[in-house]
Structure formats: C-alpha cells, structure tokens
Amino acid sequence: MEPDYAEAYNSLGIAFKNNNDLHNAIQNYKKAISIKLDYAEAFNNTANALRAKGDLKAAIINYKKALKIKPEFTEIYNNLGSTLADIGDLDGAIDSAQQALMIKPDSFEAYTNMGIAWLLKGTVDVAIDCHKEALRINPDYAMAHWNQSLAYLTKADFQNGWLAYEWRWRATDEIGKYLSTKKPIWRSSKGQRVLLWAEQGVGDEVMFASIIPDLHAVCSKLIVQIDERLIPLFRRSFPSDIDYRPRDEFVSENDYDTHIPMGSLPQQFRQTIESFKSTSLGWLSACDVKANGLREKLLTDKSEILIGISWHSTMSRLGAEAKVISLTQLAKKLHAPKIKLVNLQYGDVSDELGVLSEEHGIEIIQLPEIDNKNDIDGLAALIMACDKVVSISNLTIHLAGALGKEAHVLLASSNDWRWGQNRNSSYWYDSVRLHRQTKINDWDAVLKLL
C-alpha cells in the first residue's frame with residue numbers, strides 16, 4: 001500500500017476520536033501502523049484513544065513504542081507522564097516531564113505535568129513552583145492556573161487558591177458547563193436577586209451548600225439551582241424563602257439580577273480557616289422521625305451499634321479507582337459482635353453484598369425502603385440512624401459531615417484538595433475524621449487507625 005494511505009487512516013482515526021468513537025478511532029490508527037510501521041504519531045494517537053477509553057496500561061505501551069521511533073517527540077513524553085500519574089507512578093511521571101524539558105526547555109505543559117505529579121506526591125510547594133514556571137512561559141495556560149489552585153487549596157492558602165480556582169472553567173470539562181446568561185456574576189453586592197447554580201458532583205453541591213446561609217443573608221431573593229434529589233433535604237435545612245429549582249431546569253433571566261456558581265462562593269466567604277467555623281458543625285437536617293424509625297427497625301435484634309459504610313465512587317475521572325476500597329476488606333475490619341453494618345453505598349450493590357454474605361458470612365443490611373441513589377433525603381435519615389459512618393471520599397461522607405454525624409473518611413495517598421495536607425480533621429466538617437494512606441494502595445494500615 002502507498003504510505004499516503006497510512007496518513008489517511010490516521011486522519012480518519014482522529015475524526016472518529018473527535019466524535020468520541022474510540023473503538024473505530026483505534027481500529028483506524030492500527031491500520032495506519034500496519035501500513036507504516038514506524039508511524040510514531042499514529043502510536044501516540046492510539047495511546048491517546050486508549051487512555052480516553054480507560055485502558056491506561058495499553059496506552060503506556062503505545063506511548064513507549066512511539067518514543068522508540070521518535071525519542072525527541074516532546075508531546076509523547078507529556079502524554080506518557082500524565083498517564084503514569086493516573087496509575088500512581090509519580091516518579092515515572094516526573095521523569096517523563098524532565099525528559100520533555102530536556103528536549104524543549106520552554107514546555108509549559110511539561111512543567112504543569114510535573115507540578116501535578118509533585119502535588120500527588122504531597123510535595124505541595126514544589127508543585128506550586130512548577131506551575132509558576134509554566135505560567136512564566138505561558139501566562140494564559142489554564143491547566144497550570146487550575147492545578148496551581150488545587151495546590152494552594154491543599155495547603156489552605158485560600159487567598160491564592162480561590163482566585164486561581166476560577167480558571168476551572170477554561171481548564172477542564174469535568175465540572176460541567178458554565179451558565180449561559182447575559183446577567184452579570186454576583187460580586188458581594190447586597191439586596192439583589194441572586195441565582196446560585198450547581199456545578200461538579202452531588203457531593204460538591206452538598207459541600208458548597210454550607211455557604212448558602214452566608215449568601216442568603218445578603219440577598220433580597222435567592223434562587224438555588226441544584227440536583228433535584230437534594231431539594232427536599234435543602235428545604236428542611238435552610239431558610240424557607242429560598243426558591244429551589246432542579247439543576248436541569250431553565251431559569252428565566254427575569255427572575256434574577258446576578259448569578260454565581262457554587263464553587264465561586266468560597267472566594268467571597270471562606271478566605272481563612274476561621275471562616276469555616278460558622279457552619280462546620282453541620283448545616284443539613286435529616287427527618288428526625290424517619291431517622292428514629294429506621295434506627296428502631298435496625299436494632300430489633302441484639303445489635304447495639306450501627307455503622308454505615310460506603311466503599312466506592314461513581315466518579316468516572318481517570319485515577320478515581322485509586323480511592324476505592326474493596327467491600328470485603330472494609331467489612332472484615334468492621335464486623336464484630338453486636339455491631340450491625342448498614343449499606344450507605346450509592347447505587348445498586350446487591351451482587352456485592354450477596355458475594356460477601358456467601359463467601360465470608362458477613363451480612364450488610366440493605367433497607368429496601370431507602371433508595372440510596374435516588375432518595376437522598378432518605379439516605380440522610382439512614383445516616384442519622386447510624387452511630388457512625390465509615391466511607392471513602394464520596395457523597396456519603398459529604399452528607400455525613402454536613403449532617404454533623406460522626407464519620408471516618410478513608411483517604412488514598414493522593415487525596416483531594418478539600419481534605420488538606422497532613423490533617424486528621426476537616427475544616428469543612430467538624431464531625432469527620434481523616435485517615436490517610438501513607439503508601440499507594442495500602443488500605444490495611446489505614447484500617448488499623450479506625
């Protein structure tokens with residue numbers, strides 16, 4: 001075949017990738033490689049598609065094949081480094097960034113990738129310096145601003161952190177779409193009609209909702225647009241004159257004067273650790289009658305203590321699997337006489353509960369009247385029925401903290417900015433205790449702390 005055919009197949013693969021048809025993209029890249037065996041760009045494109053598909057190990061293999069063909073291909077070192085960081089090979093990620101910089105000293109992408117890896121290693125100040133260097137080269141590089149914000153927030157530098165956090169809309173599509181409106185952003189004005197709208201995941205909505213009372217106090221009218229499943233819980237918890245709208249509902253511009261996304265509220269109201277104390281005892285209220293009824297139902301046998309558990313996340317972001325603990329490992333640690341384990345996990349996990357019962361004889365109570373995914377108000381009542389909660393970082397832990405329930409969060413070695421650095425307590429939630437991995441994937445040491 002003519003070499004031009006290889007270029008055509010590669011271009012066709014790019015078209016499929018742009019349409020998110022990863023299967024056909026990969027097939028066409030492979031056809032291009034079969035025609036042109038030393039086609040480094042096609043190997044790189046194959047790896048990019050595999051990474052998008054979640055097959056990180058295969059992506060790394062293809063990146064390395066591309067580098068053997070074209071060892072001075074800076075883009076591949078950057079892509080490889082990012083993927084190595086996703087699987088937890090942080091030293092490899094840093095080495096790849098350094099290789100890229102040896103070839104291209106002004107690679108702002110390489111400095112940012114290095115900064116991300118250093119942050120995941122917990123070396124926050126070095127991470128910040130890397131992003132500063134990236135921004136020296138390219139002051140408008142959104143990914144550097146965004147990741148620098150996460151580093152600042154990790155060390156509780158809120159003044160710099162929240163300011164750089166505003167770059168999130170230009171840096172990543174993981175947080176949702178920015179509101180399409182002609183109305184201006186709210187900037188501390190008093191007496192206006194304000195639309196507060198949700199962004200990111202449901203757990204983020206719960207966390208940022210701690211600032212709703214602060215905003216409500218300075219508005220003439222407050223509209224809160226959130227996930228519809230949260231509305232009953234929020235109505236019970238916050239002032240009765242707040243107007244709630246489902247997250248996917250169009251809100252007429254005639255209804256508000258200004259607007260603000262939830263993640264921008266902390267810049268106005270949470271500039272110091274002290275400023276979190278106004279709400280850190282908890283800001284949500286479950287239905288007491290329902291919670292008491294559920295507790296009575298769960299304690300009809302000789303059990304004395306109810307521990308609610310959750311062990312995985314529905315996040316689809318690359319690297320999210322690192323924060324997951326196995327149900328078996330968690331249940332075996334907590335199982336004991338007079339203790340009853342209660343399922344708080346989001347979604348249908350009946351198969352997992354069945355396997356645990358059959359293979360290990362451990363029963364996790366799943367209440368059929370509570371739909372943990374769709375009935376979040378019911379889930380809140382179930383959390384309050386428990387004596388305490390043990391969970392990874394997910395919606396369950398945010399609900400428990402916002403309700404003021406004793407909770408223990410199991411954190412992976414590379415944990416999220418919101419849990420801070422070297423802390424065993426949370427400034428967001430007084431009732432939550434933090435238990436951190438000291439080595440990647442080592443949950444045994446974490447569980448010993450419970």
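The following legends describe close-up views of a predicted model.

**View 1. The open sheet of four strands.** In this view, four strands are arranged in the order E3-E2-E1-E4, and they form an open sheet with parallel pairing. From one strand to the next, the twist averages 25°. As a general point, the side chains of a regular strand alternate between the two faces of the sheet.

View 2. Strand E1 comprises residues 192-197 and pairs with E4 in the parallel sense over four bridges. Two residue pairs may be located along this pairing. Val194 stands opposite Thr258 in E4, and Trp197 has Pro261 of E4 as its bridge partner. Strand E2, which spans residues 219-226, also runs parallel to E1 and is joined to E1 by six bridges. Here, Arg193 has Lys221 of E2 as its bridge partner.

**View 3. The packing of helices H3 and H5.** Two packed helices are described by the angle between their axes and by the distance between the axes. For helix H3 (residues 40-53) and helix H5 (residues 74-86), the axes come within 11 Å and cross at roughly 25°. Angles under 35 degrees count as roughly parallel, so H3 is roughly parallel to H5. The crossing of H3 and H5 is left-handed. H3 contributes Ala40, Asn44, Asn48 and Arg51 to the contact, while H5 contributes Glu75, Ile76, Asn79, Ser82, Thr83 and Asp86. Sorted by class, the contact of H3 with H5 holds two nonpolar, five polar and three charged residues.

**View 4. The packing of helices H7 and H9.** The axes of helix H7 (residues 108-120) and helix H9 (residues 142-154) cross at roughly 20° and come within 10 Å. The two helices, H7 and H9, are therefore roughly parallel to each other. Their crossing, that of H7 and H9, is left-handed. On the side of H7, the contact is made by Thr112, Ile116 and Leu119; on the side of H9, by Met143, Ala144, Asn147, Leu150, Ala151 and Thr154. The contact of H7 with H9 comprises six nonpolar and three polar residues, with no charged residue.

**View 5. The surroundings of His131.** His131 belongs to helix H8, which covers residues 124-137. With 0% relative accessibility, His131 counts as buried. When neighbours within four places in sequence are left aside, the residues in contact with His131 are Thr112, Gly115, Ile116, Ala144, Asn147 and Gln148. Among these, Thr112 and Ile116 of H7, together with Ala144 and Asn147 of H9, also take part in the contact between those two helices.

**View 6. The surroundings of Leu299.** Leu299 is placed in the loop between helix H16 (288-298) and strand E5 (305-310). Its relative accessibility is 24%, and Leu299 therefore counts as partly exposed. Apart from neighbours within four places in sequence, Leu299 is in contact with Glu304 and Leu306. Ile339 may also be located in this view: Leu299 and Ile339 are 40 residues apart along the chain, and their C-alpha atoms are separated by 9.9 Å.

How values were computed
Residues numbered from 1 in each chain as written. Predicted model: local features only at pLDDT ≥ 70, side-chain atom pairs only at ≥ 80, totals over all residues. Heavy atoms only, no water. Pairing = 2+ DSSP bridges. Axes fitted to C-alpha atoms, helices over the stretch in contact; angles between N-to-C directions. Parallel < 35°, antiparallel > 145°, perpendicular 65-115°, else oblique. Left-handed = near helix turned anticlockwise from the far one by under 90°. Contact = heavy atoms within 4.5 Å. Nonpolar A, V, L, I, M, F, W, Y, C, P; charged D, E, K, R; others polar. Buried < 20%, exposed > 50% of the residue type's maximum accessible area, 1.4 Å probe, protein only.
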